[in-house]
Amino acid sequence: MPSLVLEGGTLRPIFSAGVMDALLDHDLMFPYCIGVSAGISNGISYISKQKRRNLEIMEKYRHDRRYIGYRNFLKSRSLFGLDFVFGEIPAKLIPFDTLTYRNYTGRLLVGVTNAHTGMAEYMDGMEADERWTMLRATCAIPLVFPAIELNGQKYYDGGLSDPIPIRKAIADGNDKHLIVLTQPKGYRKSFSKRNTHVARLLRRKYPNLEEVLLTRHERYNETVAFCEQLEREGRAIILRPETPLDSFEKDIGKLRETCQQGYELANGRIEDIRRLFEI
């Protein structure tokens with residue numbers, strides 16, 4: 001069975017949205033989809049078969065203060081307007097097709113990081129509540145978001161503990177993979193002083209997050225290398241942008257171009273991708 005594996009990256013997964021739009025155009029629906037942060041949040045619109053929905057949200061609301069703005073800290077302790085992003089937009093402004101989403105017969109996993117244990121957990125995306133709490137959790141960048149409570153536990157961004165959940169996809173029995181990354185080839189994450197600062201601020205309340213934050217770059221780079229090894233072995237196809245995009249990109253034109261780049265790249269590899277489905 002083939003898997004679709006989605007990296008996060010705040011606004012960078014607009015590239016992934018383009019990839020998934022191409023998959024929809026070719027009627028390719030993966031029976032297993034897993035991801036973290038904005039990668040899997042965009043993936044939800046792939047499951048609901050709503051082409052261009054993710055791009056439309058960026059085009060209309062990237063510069064809306066209800067979407068991203070410091071005033072949101074007053075209401076939701078987040079740079080993002082959580083109730084706006086996960087409530088008003090899917091419920092009213094750019095309606096989410098819940099019926100098509102619920103009719104998906106595959107497996108959908110949302111990666112999160114347990115704030116108390118520091119471990120990765122994978123939630124069943126088909127059990128998401130009306131507030132999309134698990135998506136709020138997987139996108140919860142420390143200090144930019146509050147820790148998100150779900151089922152009596154607190155969670156942060158899934159990318160902290162498992163930035164590209166390819167090993168979970170393999171453990172679940174998938175043997176071929178389409179891995180969509182959001183950084184260009186050759187990118188390697190370096191140690192971040194910001195993570196040191198965040199670790200210090202959180203270690204009293206969530207001591208097990210400290211090591212997760214301080215070793216995040218090592219985990220990311222090792223996982224990218226593992227994905228590239230799978231590709232050399234013919235077990236995976238990796239799609240990634242040719243040029244970098246800022247995680248909080250403000251230029252709508254660049255966001256649109258990156259989405260189109262993902263679409264064209266996937267469209268050009270569509271026969272290779274189709275072969276992942278062959279037994």
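Helices (H or I, at least four residues) and strands (E, at least two) are DSSP runs here, numbered from the N terminus. With that in hand, take residues 4–170: this span is 39% helix and 17% strand, and its end C-alpha atoms lie 11 Å apart.

A word on the model itself. It is predicted, with local features needing pLDDT of at least 70 and side-chain atom pairs counting only at pLDDT 80 or more, while totals for chains, interfaces and linings use all residues. Residues are numbered from 1 along each chain as its sequence is written, and side-chain values use heavy atoms, leaving out hydrogens and water.

Now the strands, which pair if DSSP finds at least two bridges between them.

| Strand pair | Sense | Bridges | Residues standing opposite |
|---|---|---|---|
| β3 (107–114) and β6 (153–157) | antiparallel | three | V112 and D157 |
| β5 (148–150) and β6 | antiparallel | three | L150 and Q153 |
| β7 (176–180) and β8 | parallel | four | V180 and L239 |

The hairpin of β5 and β6 has two residues between the strands, and N151 takes a positive phi near 55 degrees there. What about the faces of strand β8 (residues 236–239)? Both are covered, with A236 and I238 buried on one side and I237 and L239 buried on the other. Buried means under 20% relative accessible area, exposed over 50%, and partly exposed in between (1.4 Å probe, protein chains only).

E7 sits in the loop between β1 (2–6) and α1 (14–25). Why does E7 count as buried? Because its relative accessibility is 3%. The E7 side chain also makes a polar contact of 3.0 Å with the side chain of Y220. Such a contact is a pair of N or O atoms within 3.5 Å; within protein, one must be able to donate a hydrogen and the other to accept it, and residues adjacent in sequence count only if both atoms are side-chain atoms.

Finally, the largest pocket has a volume of about 580 Å³. Its lining holds 23 residues, and the closest to the centre are T10, R12, K189, R216 and S247. The elements giving two or more residues to this lining are α9 (193–202) and α11 (216–232). A pocket is an open set of points on a 1 Å grid over the protein atoms alone, where a 1.4 Å probe fits, with protein on both sides within 12 Å along at least five of seven lines; lining residues have an atom within 4 Å of a point. The volume is the space filled by probe spheres set on the points, which are joined across faces, edges and corners.
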